Amino acid sequence: MEDLSIKYVNVEKAENLEKHRTEGFSSSKPLVVRRGAPFKISLQLKGRPFNPKTDAVKIKVKLGRLYVTMPVTFSTKVSLSRWSAYMDPESLNLQAPSIFISSPASASVGSYRFQLDLFTQQSKRRYNLGKFILLCNPWCREDTVHIPFEDQREEYVQNDSGLLFMGTTKNLVSRPWSFDQYEPSILETCLNLLQVSPQHQRDRRMDYLNRNNPVYIGRVVSAMINSEDDRGVLKGNWSNNFKEGVHPSTWTGSGDILKQWALSGYRPVKYGQCWVFAAVMCTVMRALGIPCRVVTNYNSAHDTNKNLVIEEYYNEKGEKLNYSKDSIWNFHVWVECWMARQDLGSGMNGWQVLDPTPQERSGGVFCCGPAPVKAIKDQRMDLFYDIPFVYAEVNADVHTVIVSHGRGVGYSKDTERVGSLVCTKAIGLPRLQNITGDYKFIKSPTPSLASRSSTIADDSTLRRASSSKKVLVSLSLEKAPVAGEPIRFTVKVINKQDVAKTMKVCLNAQAKEYNSSPSETFWETHGIMKLAPMEVKVLNQQILPAQYEDVVGDDLINLAVVLEDTVSQELCLASEEFNIASPNLLIQVADENSIGLNKEQTATVTFTNPFSQPVSGVLTVAGAGLIHEKRIFRMAPLPPGLTVEQRITFIPSKVGTKMLQASLTLTNIRSTIRGFKMVSIKRS
């Protein structure tokens, strides 16, 4: 009888992908599985059947030059601390035996090669089985990235779309984003990111060994998303000059960025800002199997001198001045990843802050974290990594100084503004989840449209030497400003003394980006106010759309009022920073309750011009698992108040809930209008 040999090997892709919850990676050529769980291969033999008494099989798996060889046994007891392989004696088909290969829950993430050695009494034969990709396993209790609830795993690992929160606390903007981890070639690019890293280039063996630890992976990825120290994915640019690349606001998903990076030979993609860095990192971590979510910190402090104080300066006209190296970003975006901190103790397990935006060096490299959220709240500055920096981002005080003729003439302190809201996307819902209480002990509810105010010479808010005069001024928006409508606000002035006063009033509005000081004034007004003893006066003001549309666009507005007592020359200030809410694109899908896989569907995108002038632009429609290539349409000038519709067709290629998103970049106003629709795809 002809000796035993193997005709072919079936890696049972469909069965393994389903059991390992990696069906989304079906386009990947290698099999994609998770550590800490067995996967199955089946052998089709030729010649005689397999004889368990005289024949033997060994499996060898290799990661770079690291390898482990394991005998194939007949014991189905799997150790989660070492590699093993077995045949199940109860279901053994001697002509087509199946082998189960099990990795430890602490195996390194990466692209493995594996081979099979078949021993008979007559011969030894070796068969190369190709590659498989091994990911972290948040479903496995022994894995250090295990997260306890299924809805968390669905949201933070499997979901390939989400919302990024921007704007201000007074006017939250939720921007749709496609993480794209299941798109063709994206997983391979995420793994290549580890290969391109300086850690791998410096010592490949140690890098492969360390890839068993999500703390290590997080620091590598945090550094590799930016390109300050390496061949990282994105080049940051906050200069407002994007001619050599793509404006950060134009990106709608991670896939285009990662594909461009790989196709360029790993040259940085131009350009990114904080939300782009964070969203791309979220893609990489989810692809590698590490639970990850994008987090926004509103009024985020960058404390360069580490004194937990941010200084802001205004002149007597109400103009905000660029005097300080410290800064407050209206919002800053990072990620949290879920993992055990075996290096710190179980009390620090759970969500960890990782920030790929290059701000400060950590260990000599532009990266940040992982910093346990629990350690930030508990002020454990002694623990790794970068806890003092993140703590300042959510806890610094703001000192505001009014400057006149080169000297400070008014001073106020705000202990509530920084870190006033920390949030992420809610599980399973397209809305915000407030997680501020995870980071800090909250003294009072998060403010909404309530404004900051200051009092002349009231020691609790504004101090001036030997002054006892008291006037209270406050500034408040009538409602959250909306594009195409006037910005209406009120200034309330209270004379708290039995003495009449004459006040100079200066109102000033400046456009600003979320991360920088304001530019020149685009609107101002001033006058004289007379106050009777103990009188309260309210000024109603508005800024018309024609006065702000061309200047502001997607930027923000810094609005300030300064009052000066004409007798004592004492000054007080109230200010607000806010954004203008853009309209949303409306997306409607025909027969949305019966959308089937691989069946053509129709959607309509609708835009109504709210602006005071005609607008034109470029409409882009995309959707991972829905549209293979982005659709781009040009929109002719649309007069104010009119509506335009664009019909598109698409063929869903993946099951599950997918995001269809559209963005309209206007050409004559610096604004991008967005919209999204969640679409549920059923198997046909």
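1. Ground rules first. This is a predicted model, where local features need pLDDT of at least 70 and side-chain atom pairs count only at pLDDT 80 or more, while totals for chains, interfaces and linings use all residues. Residues are numbered from 1 along each chain as its sequence is written, and side-chain values use heavy atoms, with hydrogens and water left out.

2. Strands β12 (residues 234-236) and β13 (residues 269-272) run parallel and are joined by 3 bridges; for reference, two strands pair if DSSP finds at least two bridges between them. Helices (H or I, at least four residues) and strands (E, at least two) are DSSP runs, numbered from the N terminus. Within the strand pair, K235 stands opposite K270 in β13.

3. K270 again, this time through its side chain. K270 and E244 meet in a salt bridge at 3.3 Å, N to O, the term meaning a side-chain nitrogen of Lys or Arg within 4 Å of a carboxyl oxygen of Asp or Glu. Because E244 lies in the loop between β12 and α7 while K270 is in strand β13, the pair ties together parts that are 26 residues apart in sequence. E244 counts as exposed at 61% relative accessibility, whereas K270 counts as partly exposed at 31%. The cut-offs here are under 20% relative accessible area for buried, over 50% for exposed, and partly exposed in between (1.4 Å probe, protein chains only).

4. The pair at the start of the chain. How many salt bridges does the structure hold? The count is 28. One of the pairs is D3 with R125, whose side chains meet at 3.9 Å, N to O. D3 is buried, with a relative accessible area of 16%, and R125 is partly exposed, at 30%.

5. E15 and K40. The side chains of E15 and K40 also form a salt bridge, at 3.4 Å from N to O. The two partners are 25 residues apart, with E15 in helix α1 (residues 13-19) and K40 in strand β3 (residues 38-46), so the pair links distant parts of the chain. Is K40 buried or exposed? K40 counts as buried at 17% relative accessibility, while E15 counts as partly exposed at 25%.

6. Salt bridges that share partners join E312, K320, D414, R417, K512 and E577 into one network. K512 turns up again among the residues that D555 touches, the others being E513, N579 and R670, leaving aside residues up to four places away in sequence; a contact means heavy atoms within 4.5 Å. D555 is found in the loop between α12 (545-552) and β32 (556-565), and counts as buried at 15% relative accessibility. The side chains of D555 and R670 make a polar contact at 3.1 Å. That term covers a pair of N or O atoms within 3.5 Å; within protein, one must be able to donate a hydrogen and the other to accept it, and residues adjacent in sequence count only if both atoms are side-chain atoms. D555 and A511 are 44 residues apart in sequence, with their C-alpha atoms 6.5 Å apart in space.

7. Cis peptides. Most residues other than glycine have a negative phi, and most peptide bonds are trans. The bond joining G369 and P370 is cis, with omega about 0 degrees; P370 is in the loop between β20 (365-366) and β21 (371-372). The peptide bond from F384 to Y385 is cis too, with omega near 0 degrees. Y385 has its place in the loop between α9 (373-377) and α10 (387-395).

8. Positive phi. M534 is a residue other than glycine with phi near 65 degrees, placed in the loop between β30 (521-531) and β31 (536-543). M534 counts as partly exposed at 47% relative accessibility. Q569, also not a glycine, has a positive phi of about 60 degrees and is found in the loop between β32 and β33 (571-579). Q569 is partly exposed, with a relative accessible area of 41%.
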